[in-house]
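Please look at the sequence and the structure on the screen, and I shall then take you through them.

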Amino acid sequence: MIFLLTFFDTDDVKGAASIYEGHITFNKVLLRYLENIYRVRVGADSDEGKIYVFLYDKDKALNGEVKESSLLALSISKTYARICSRGLVDYIKRIFKLEIPAKSFLRYRAYYDEVKRAIVIDIEEDI
């Protein structure tokens, strides 16, 4: 008897971002990219259906290159990371014409883009 086994690999688990009424939460898969991150800057490409979360360590965030008001705090725990900003979520809802049900969320595929050095939330790929 021949066994054809496939094995689970944590690298096969997909990254995800959940958008709530007042924050965006990243799953544990994306935490490896968020070590030593102090602030983030979020941009949206409505034509491509993507949100870009650019990552800044403390030195880069405080060097004056980027306007401080465009940088957002990132809270990191052992199992998730979160950007808390109702204004940001309202901006995303407006740009992408999203409706977030009360006391619920929308979940999308998210991944790290090595070239752009950002976490990308793909609004076209809901989970």
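I begin with a term that the first topic requires. Patches are made of residues with over 30% relative accessible area and no salt bridge, with like charges joined within 9 Å and nonpolar side chains (Val, Leu, Ile, Met, Phe, Trp, Tyr) joined within 5 Å. The salt bridge named there is a side-chain nitrogen of Lys or Arg within 4 Å of a carboxyl oxygen of Asp or Glu. Accessible areas come from the Shrake-Rupley method with a 1.4 Å probe, and for residues only the protein chains shown count as cover.

Before applying this, I must state what is on display. This is a predicted model, in which local features need pLDDT of at least 70 and side-chain atom pairs count only at pLDDT 80 or more, whereas totals for chains, interfaces and linings use all residues. Residues are numbered from 1 along each chain as its sequence is written, and side-chain values use heavy atoms, with hydrogens and water left out.

Which residues make the nonpolar surface patch? Met1, Phe3, Leu5 and Phe7 form it, with an area of about 630 Å². Phe7 sits in the segment before strand S1 (16-19). Its relative accessibility is 70%, so Phe7 counts as exposed; the term exposed means over 50% relative accessible area, buried means under 20%, and partly exposed lies in between (1.4 Å probe, protein chains only).

Let us turn to the chain as a whole. It contains two helices and nine strands, where helices (H or I, at least four residues) and strands (E, at least two) are DSSP runs, numbered from the N terminus. In sequence order the pattern reads β-β-β-β-α-β-β-β-α-β-β. Along the principal axes, the C-alpha atoms fill a box of roughly 65 × 35 × 30 Å. Of the 127 residues, 37% count as buried. Ser18, in strand S1, has a relative accessible area of 5% and is therefore buried. Between the C-alpha atoms of Ser18 and Ala44 the separation is 16 Å, and these residues are 26 apart along the chain.

I come now to the charged pairs. How many salt bridges does the rule give? The count is three.

One of them joins the side chains of Lys50 and Asp122, at 3.6 Å from N to O. Lys50 belongs to strand S4 and Asp122 to strand S9 (residues 118-126), so this pair ties together parts that are 72 residues apart in sequence. Both Lys50 and Asp122 are buried.

Another salt bridge is formed by Lys93 and Asp90, whose side chains meet at 3.9 Å, N to O. Both residues lie in helix H2 (residues 86-96), three residues apart, or about one turn of the helix. Lys93 is partly exposed, at 27% relative accessibility, and Asp90 is also partly exposed, at 34%.

A further salt bridge brings together the side chains of Arg109 and Glu125, at 3.8 Å from N to O. This pair links distant parts of the chain, with Arg109 in strand S8 (residues 106-113) and Glu125 in strand S9, 16 residues apart. Arg109 is partly exposed at 24% relative accessibility, as is Glu125 at 36%.

Next, the largest pocket. A pocket is an open set of points on a 1 Å grid over the protein atoms alone, where a 1.4 Å probe fits, with protein on both sides within 12 Å along at least five of seven lines; lining residues have an atom within 4 Å of a point. The space in the largest pocket comes to about 200 Å³. Its lining consists of Tyr33, Ile37, Phe54, Leu55, Tyr56, Asp57, Lys60, Tyr112, Lys116 and Arg117. Strand S4 (residues 50-56) supplies the largest share of that lining, three residues. By class, the lining has six nonpolar, no polar and four charged residues.

Finally, the backbone. Most residues other than glycine have a negative phi. Arg117, one of the residues that line the largest pocket, has a positive phi of about 55° although it is not a glycine. Arg117 is found in the loop between S8 and S9 and is exposed, with a relative accessible area of 60%. Lys103 likewise has a positive phi, near 55°. Lys103 lies in the loop between H2 and S8, and its relative accessibility of 83% makes it exposed.

Thank you for your attention.

Terms used
Points joined across faces, edges and corners; volume = space filled by probe spheres on them. Nonpolar A, V, L, I, M, F, W, Y, C, P; charged D, E, K, R; others polar.
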